[in-house]
Amino acid sequence: MSLCLVIDEMHPSLPAYLEPLGVTLHYRPDLKAADVPAALAAHPYDGLLVRSKLRVTRELLAHGPHLRYVGRAGAGVDNIDEEALAAAGVTLLNAPEGNRDAVGEYAVGLLLALFRNIARADQEVRQGQWRREANRGEEIGGKTIGLLGYGHMGKAFARRLQAFDCTVLAHDHDPRVEPNHHATLVPLAELQQRAEVLSLHIPYSAANHHAVNEGFLAGFRQPLWLLNTARGEVLDHAAVVHCLQTGQLRGAALDVLENEKLTTLNPEQQARYEYLRTAPNVVLSPHVGGWSFQSYERINRVLAEKLRTFLGK
């Protein structure tokens, strides 16, 4: 038997997936982050399921001495101290397989919106403007699309790009990443030499904070269109603004930002945000790439399968 504390809203299918595995759920999405330590200490929980409410740290784990696993209902684990989990002997389970299809589809949508000026044209028509020539766009066909990161999300995007008759290149620093026929794995120098579009699919960690910065973007031979459906912190937004102003970036579609709590922006972040939100060659959305009705349920299914394996069921 497993006793598991759930502290975030989850798709209502969760009990149907986990209870047959002998998992008893204490479903507490009402808990504030500050109240989670006390809740962990109140019962002998061996499992904790989270989304993004709080950081799972060494200090938090000290309040759950019986914990054997932490499940992250999503792909990214940047809110979880993996070293602390390893030191405590706690297994981390996450579910990138659950929302990779949603991210892959959404990245195609962002690219089309950027190339064909969809959001801008929509707003203009609503305002009574009928500007066909000003909204003449680019086609994906014939382009060379570069992917930085070729894990679950990069692969999902690459698979969907096959219908567009374009060339897909990918670079991943992890030598364990396996290629497939949807993209050609290349060294970073070749990606920078050939890519016309750069799409980011790398997880966030302290090591790759602002990994895509002005120097990195300047290494590309030709001006780029930039997509980010990964994490805002992997991208230096000051560099994005500067490269848009100089033409090093032809446009950007950003589903994630450096600070997504828009009411807490500092003056520098506010200035960058004001530029991005008013730029005609920028598409913005509120971190919804992996946020579909189907992925919401599928994440539970993936977590259940991983938990089944962990529990030896």
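Good morning. The structure is a predicted model, in which local features require pLDDT of at least 70 and side-chain atom pairs count only at pLDDT 80 or more, while totals for chains, interfaces and linings use all residues. Residues are numbered from 1 along each chain as its sequence is written, and side-chain values use heavy atoms, with hydrogens and water left out.

I begin with the overall architecture. The protein contains 12 helices and 12 strands; these are DSSP runs numbered from the N terminus, with helices being H or I of at least four residues and strands being E of at least two. The C-alpha trace spans about 65 × 45 × 35 Å along its principal axes. For 313 residues, a compact globule would have a radius of gyration near 20 Å, and the protein agrees with this at 21 Å. That radius is taken over C-alpha atoms, and the globule rule is 2.2 Å times the number of residues to the power 0.38.

Of the 313 residues, 49% are buried, where buried means under 20% relative accessible area, exposed over 50%, and partly exposed in between, with a 1.4 Å probe and protein chains only. Among contacts (heavy atoms within 4.5 Å) between residues at least 6 apart in sequence, 63% join residues at least 24 apart.

I turn to the aromatic residues. Rings of Phe, Tyr and Trp (its six-membered ring) pair if their centres lie within 6.5 Å; planes under 30 degrees apart count as stacked, over 60 as edge-to-face, and the rest as tilted. By this rule there are 3 aromatic pairs. One of them joins Phe115 and Trp225, whose ring centres are 4.7 Å apart with planes at 65 degrees, so the pair is edge-to-face. This pair links distant parts of the chain, 110 residues apart: Phe115 belongs to helix 5 (residues 96–116) and Trp225 to strand 10 (residues 224–228). Both Phe115 and Trp225 are buried.

Finally, the backbone. Where does Asp165 lie? Asp165 is in the loop between helix 7 (152–161) and strand 7 (167–171). Its phi is near 60 degrees, a positive value in a residue other than glycine, and Asp165 is exposed, at a relative accessible area of 64%. His287 also has a positive phi, near 55 degrees. His287 is found in the loop between strand 12 (282–284) and helix 12 (293–311), and is partly exposed, with a relative accessible area of 30%.

Thank you for your attention.
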